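Please look over the sequence and the model shown here before reading on. The report is meant for a reader who is meeting this structure for the first time.

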Amino acid sequence: MLIGDNSLVLFQGDSVTDAGRTAVNEENLGMGYPFFISGLFSALYPEKHVKFINRGVSGDRTINLKNRWQEDTIDLKPDVLSILIGINDCWRRYDSNDPTSVEKFEENYRYILDETKEKTDAKIIMCEPFVLPSLPDRKEWRVDLDPKIHIVRDLAREYGAILVPLDGVFAQAASLRKPEFWTPDGVHPSPAGHALIARVWLDAVGAKL
């Protein structure tokens, strides 16, 4: 089991992690996968007294995480850190003509991993960004997103992080039921999509459902 007694688990990322959380209340986890994970884990292991915090911010890219990393991660001293970032580094290329190169994506991600390793003892969980072809144009995004997913996989291996392979998980799920069931716009999960993330995340950390 990756998560020890009295651990602080911190979720970081963009709107998929944010999921409508109330920033003024750190007890509020939003209504996405952090909420599902917290509820399920706490029901399964109440004796562990684990605390969950969500610091996902809608719209964030890796550069935004980099800029707020000290305040929103390092200062919190998490025991377990879960990161899901990257889809906006892809999306802004297509909706705002503001791309993030693969090189810059890797540079930003390395910064947050280096800072985490240097300044905390957190165990790191890295979740792949993902997209499903729920809308026709989402298929085009693979050109930009796929190299970034490979960066996440390579960095997870290099930094000894646990990898949660969400792009593959969602692709497999979409073979069982149409992509829109899991994420209506290809990016933001439905309740079933968030529950799917929670299930594979809990499995990755060794929690027994």
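What follows is a short report on selected helices, a surface patch and several salt bridges.

## Basis of the report

This is a predicted model, in which local features need pLDDT of at least 70 and side-chain atom pairs count only at pLDDT 80 or more, while totals for chains, interfaces and linings use all residues. Residues are numbered from 1 along each chain as its sequence is written, and side-chain values use heavy atoms, with hydrogens and water left out.

## Helix α2 and its surroundings

Helices and strands are DSSP runs numbered from the N terminus, helices being H or I with at least four residues and strands being E with at least two. Helix α2 has 12 residues and reaches 16 Å from its first C-alpha to its last, close to the 16 Å expected at 1.5 Å a residue, where the expected span is 1.5 Å times one less than the number of residues. Within α2, the residues Y33, P34, I37, S38 and F41 are buried (buried means under 20% relative accessible area, exposed over 50%, and partly exposed in between, with a 1.4 Å probe and protein chains only). Because they cover an arc of only 135° around the axis, these residues lie on the same side of α2; the arc is that of the directions from the helix axis to the C-beta atoms. The elements that cover the buried residues of α2 include β1 (8-13), α1 (15-18), β2 (51-54), β3 (80-84) and α9 (191-204), contact being heavy atoms within 4.5 Å.

L44 also belongs to helix α2, which spans residues 33-44, and L44 counts as partly exposed because its relative accessibility is 34%. Together with L40 and L209, L44 makes a nonpolar surface patch of about 260 Å². Such patches are made of residues with over 30% relative accessible area and no salt bridge, with like charges joined within 9 Å and nonpolar side chains (Val, Leu, Ile, Met, Phe, Trp, Tyr) within 5 Å.

## Helix α3

In helix α3 (residues 62-72), the buried residues are T62, L65, R68, W69 and D72. They are on the same side of α3 because they cover an arc of only 155° around the axis. The exposed residues N67 and E71 are carried by the face of α3 turned away from its buried side. Among the elements covering the buried residues of α3 are β1, β3, α4 (87-95) and α5 (102-119).

## Salt bridges

A salt bridge is a side-chain nitrogen of Lys or Arg within 4 Å of a carboxyl oxygen of Asp or Glu, and by this rule the count comes to 16 salt bridges. D60, R68 and D72 are linked in a network of salt bridges.

The side chains of K119 and E115 meet in a salt bridge at 2.7 Å, N to O; K119 is partly exposed at 43% relative accessibility, whereas E115 is buried with a relative accessible area of 13%.

R153 and E128 meet through their side chains in a salt bridge of 2.6 Å, N to O. This pair links distant parts of the chain, with R153 in helix α6 (residues 142-159) and E128 in the loop between β4 (123-127) and α6, 25 residues apart. E128 is buried, with a relative accessible area of 1%, while R153 is partly exposed at 28%.

Note on methods. Accessible areas come from the Shrake-Rupley method with a 1.4 Å probe; for residues, only the protein chains shown count as cover.
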